[in-house]
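Subject: Structure handover

Hello,

Here is the structure I promised you. Please open it next to this email and follow along.

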Amino acid sequence: MTIGESFLQLYGSPPEVVVRAPGRVNLIGEHTDYNDGFVLPAAIDRAITYAGRRRTDRRVHAYSADFHASVEFSLDDIHKDMQHPWSNFLRGVSKYLEEDGHRLAGADLVLGGDVPREAGLSSSAAVEVGAAAFWNRLLGWGLDPLYVIKLARRAENQFVGVPCGIMDQFISALGRRDHALFLDCRNLSYRHVPLRADVKIVVCNSGVKRALAQSEYEVRLKQCRAAVAGIANTGCAAESLRDVELFDLAAARGVLDPLLFRRAHHVVSENGRVREAVKLLEAGNLERFGELMNQSHESLRDDYEVSCKELDTLVELARNQPGVLGARMTGAGFGGCTVNLVRAGAAEAFAGSVAEGYEKALGLKAEIYVCQASDGALVSA
Ligand code: GLA
């Protein structure tokens with residue numbers, strides 16, 4: 001049943017508006033967004049849909065088709081709901097819109113979709129961006145996408161309490177069909193880069209829930225700040241790791257704590273890889289692009305230490321398949337998914353062999369998605 005059909009069943013009439021916000025996969029540029037760096041994600045063809053209609057009062061009735069649960073709250077008193085954490089993204093977005101002076105109306109709505117949860121494919125960002133896109137459409141506002149993106153991130157950082165960067169909300173809002181998006185996370189300038197039709201993005205879900213992801217994410221964030229301070233002591237005027245080049249880092253090697261050096265080395269080298277990768281993608285050189293993806297994985301595994309046995313196994317298996325150009329972990333790490341660039345003709349066989357190899361090696365089942373890069377929630381707004 002679609003979300004629109006669930007709405008009809010629950011409320012007895014078709015919804016007034018239906019909006020869709022996709023999940024994402026990041027091709028390259030991991031753990032760079034909160035360091036003011038570069039990223040190259042694509043929105044995928046798995047999304048969260050909101051279907052709803054206005055009410056005449058100031059109450060929101062929301063039903064989650066995924067959790068088979070509903071909540072009700074007043075727009076005049078929005079606070080966190082520990083019993084229904086899925087509703088907090090909607091609550092946070094609604095609260096901050098109101099705080100910013102965008103007066104909401106009560107609504108009946110249903111939300112749900114097929115972005116796997118806790119898999120590193122940004123289902124949370126899709127729920128947040130979807131909520132903002134829903135209000136935007138229902139109330140006919142025409143909000144600026146950049147405002148929506150920042151608001152959605154604020155809801156995640158401050159209301160839900162997860163210290164993420166801006167990549168996920170950005171791509172869920174402004175991804176484009178058959179394109180990746182090259183984003184400068186410092187000044188938020190971006191451009192869409194076409195993806196070739198003869199190559200597929202294949203995502204392998206390790207099935208490992210990212211239990212450590214949040215606490216270790218915060219540790220990495222602090223380590224990056226500490227590395228900047230250490231590097232600044234050597235006379236390199238850096239506000240963030242974005243401002244550091246590999247030669248600055250080499251000059252700081254003697255004074256920087258070795259662990260901080262490795263963390264910074266990942267971020268600085270990854271920024272370089274993203275810039276090169278974009279040029280290669282634009283030039284159609286996917287072989288070299290794939291090599292950079294491979295290097296990114298090594299760097300995340302060895303310098304940044306956010307991979308895990310399951311992700312490394314999926315990457316190893318992937319690299320032994322015919323038609324593979326590159327394979328790496330994607331997202332925050334400690335579980336979740338790998339992203340693979342595979343020649344279109346080889347994608348189906350790839351999926352079967354990796355799933356079989358993963359089960360043989362670790363006794364675990366991997367879900368494999370051959371993805372299509374898709375439009376973001378606000379791309380035509
Ligand atoms: C998570 C965060 C993003 C980004 C990635 C790592 O997905 O939400 O902001 O930091 O991890 O690249």
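Two strands count as paired if DSSP finds at least two bridges between them. Keep that in mind for the strands below. One caution before we start: this is a predicted model.

**Strands**

Start with strand E9 (residues 324–330) and strand E10. They pair in the antiparallel sense, over 6 bridges. Val324 stands opposite Val342 in E10. The hairpin of E9 and E10 has 6 residues between the strands. Look at Gly331 in this hairpin: its phi is positive, near 90 degrees.

E10 has another partner. Strand E8 (residues 199–205) pairs with E10 in the antiparallel sense, over 7 bridges. Here Cys204 has Thr338, in E10, as its bridge partner.

Is E10 itself mostly covered or mostly open? Mostly covered.

**Aromatic rings**

How many aromatic pairs does a search of the whole structure find? It finds 8. Take Phe38 and Phe182. Their ring centres are 5.7 Å apart and their planes are at 25 degrees, so this pair is stacked. The cut-off for stacked is under 30 degrees. The pair links distant parts of the chain: Phe38 is in strand E2 (residues 38–54), Phe182 is in strand E6 (residues 179–184), and 144 residues separate them. Both Phe38 and Phe182 are buried.

There is also an aromatic cluster. Tyr50, Phe134 and Trp135 form it.

Arg46 lies over the face of Tyr369, 4.2 Å from the ring centre. The charged end of Arg154 sits over the ring of Tyr96, 4.2 Å from its centre.

**Cysteines**

A disulfide is a covalent bond between the sulfur atoms of two cysteines. How many disulfides does the structure hold? It holds 0.

The cut-off is 2.5 Å. Cys224 is in no disulfide either; its nearest cysteine sulfur, that of Cys185, is 13 Å away.

Are these two buried or exposed? Cys164 counts as buried because its relative accessibility is 10%. Cys224 is buried too, with a relative accessible area of 1%.

Best wishes

Note on methods:
Residues numbered from 1 in each chain as written. Predicted model: local features only at pLDDT ≥ 70, side-chain atom pairs only at ≥ 80, totals over all residues. Heavy atoms only, no water. Phe/Tyr/Trp six-rings, centres within 6.5 Å; stacked < 30°, edge-to-face > 60°. Helix = DSSP H or I, 4+ residues; strand = E, 2+ residues; numbered from the N terminus. Buried < 20%, exposed > 50% of the residue type's maximum accessible area, 1.4 Å probe, protein only. Lys NZ or Arg CZ within 6 Å of the ring centre and 35° of its normal.
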